[in-house]
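Please consider the model shown below, together with its sequence.

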Amino acid sequence: NLAVAAGAWVFALWSYIAVLRNLNPLLEYDGYYLLMDALERPNLRGKSLGWIATGLWPTLRRHGSLRGHRFELLYALGAIVYIGIVSAYALFIYHYTAEGWVARVVPPADAPHYGRLFAACVGGLALFRLCNDIWTERSRILAHAAHKG
């Protein structure tokens with residue numbers, strides 16, 4: 001039966017996507033813990049975002065070397081690139097799934113603009129979350145330093 005085959009194919013596709021998402025080291029799922037164990041860097045995300053918040057600018061101002069902070073910098077840049085990829089994916093999904101539906105409600109020429117707005121909102125929310133995580137790590141580091149000193 002064609003419907004059963006199509007359903008099985010969709011189920012398999014979503015299962016593969018779930019596995020790939022689970023292996024993404026930028027999300028705190030299995031891939032993140034595999035990377036953290038492989039690099040022997042506990043709390044990789046927190047330390048990376050904390051260093052970006054508190055150590056990047058002083059290092060750049062002193063013309064210091066970023067060599068010792070390669071993982072932190074790559075992890076933070078990876079998070080930003082990932083946000084761009086997710087935003088582009090949201091635009092792609094909107095274009096191929098919802099744009100036709102939206103074009104029935106709004107003028108058809110305006111439907112692509114709603115897709116861009118949707119992708120911008122997805123990216124903006126992800127960027128807001130990243131900035132919030134960076135700010136939280138910064139606050140934690142500064143509070144810990146004040147408590148020590």
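In which helix does aspartate 133 lie? The model is a predicted one, and in it aspartate 133 belongs to helix α6. Aspartate 133 counts as buried because its relative accessibility is 13%, below the cut-off of 20%. When neighbours within four places in sequence are set aside, the contacts of aspartate 133 are Arg45 and Leu49. Both Arg45 and Leu49 are among the buried residues of helix α3, and that helix is the next subject.

Helix α3 spans residues 44-54 and is mostly covered, with 9 of its 11 residues buried. Besides Arg45 and Leu49, the buried set comprises Leu44, Gly46, Ser48, Gly50, Trp51, Ile52 and Ala53. What do the buried residues of α3 pack against? Their partners are α2 (30-39), α4 (56-61), α5 (70-105) and α6 (111-148).

The packing of α3 on α5 can be described in detail. The two axes are 9 Å apart, and the helices meet at an angle of about 95°. The helices α3 and α5 are therefore roughly perpendicular, since the range for that class is 65 to 115 degrees. On the α3 side the contact is formed by Leu44, Arg45, Lys47, Ser48, Trp51 and Ile52, and on the α5 side by Phe71, Glu72, Leu73, Tyr75 and Ala76. Sorted by class, the residues of this contact are 7 nonpolar, 1 polar and 3 charged.

Helix α5 also packs with α6. How do α5 and α6 run relative to each other, roughly parallel or roughly antiparallel? Their axes come within 8 Å and cross at roughly 150°. Because angles over 145 degrees fall in that class, α5 and α6 are roughly antiparallel to each other. The crossing of α5 and α6 is right-handed. From α5, the contact draws on Ala79, Ile80, Ile83, Val86, Ser87, Ala90, Leu91, Tyr94, Glu99, Val102 and Ala103. The contact of α5 with α6 contains 18 nonpolar, 3 polar and 2 charged residues.

Alanine 88 is another residue of helix α5. Its relative accessible area of 46% makes alanine 88 partly exposed. Alanine 88 and valine 122 are separated by 34 residues in sequence, and their C-alpha atoms are 9.5 Å apart in space.

The loop between α2 and α3 holds glutamate 40 and also asparagine 43. Most residues other than glycine have a negative phi. Glutamate 40, although not a glycine, has a positive phi of about 55°, and asparagine 43, likewise not a glycine, has a positive phi of about 55°. Glutamate 40 counts as exposed, with a relative accessibility of 70%, whereas asparagine 43 is partly exposed at 38%.

The cysteines complete the account. How many disulfides does the model contain? The count comes to 0 disulfides. For cysteine 121, the nearest cysteine sulfur is that of cysteine 131, 16 Å away, and cysteine 121 is in no disulfide. Cysteine 131 is in no disulfide either, its nearest cysteine sulfur being that of cysteine 121. A disulfide would require the sulfur atoms to be within 2.5 Å. Cysteine 121 is partly exposed, with a relative accessible area of 42%, and cysteine 131 counts as partly exposed at 43%.

Notes:
Residues numbered from 1 in each chain as written. Predicted model: local features only at pLDDT ≥ 70, side-chain atom pairs only at ≥ 80, totals over all residues. Heavy atoms only, no water. Buried < 20%, exposed > 50% of the residue type's maximum accessible area, 1.4 Å probe, protein only. Helix = DSSP H or I, 4+ residues; strand = E, 2+ residues; numbered from the N terminus. Contact = heavy atoms within 4.5 Å. Axes fitted to C-alpha atoms, helices over the stretch in contact; angles between N-to-C directions. Parallel < 35°, antiparallel > 145°, perpendicular 65-115°, else oblique. Left-handed = near helix turned anticlockwise from the far one by under 90°. Nonpolar A, V, L, I, M, F, W, Y, C, P; charged D, E, K, R; others polar.
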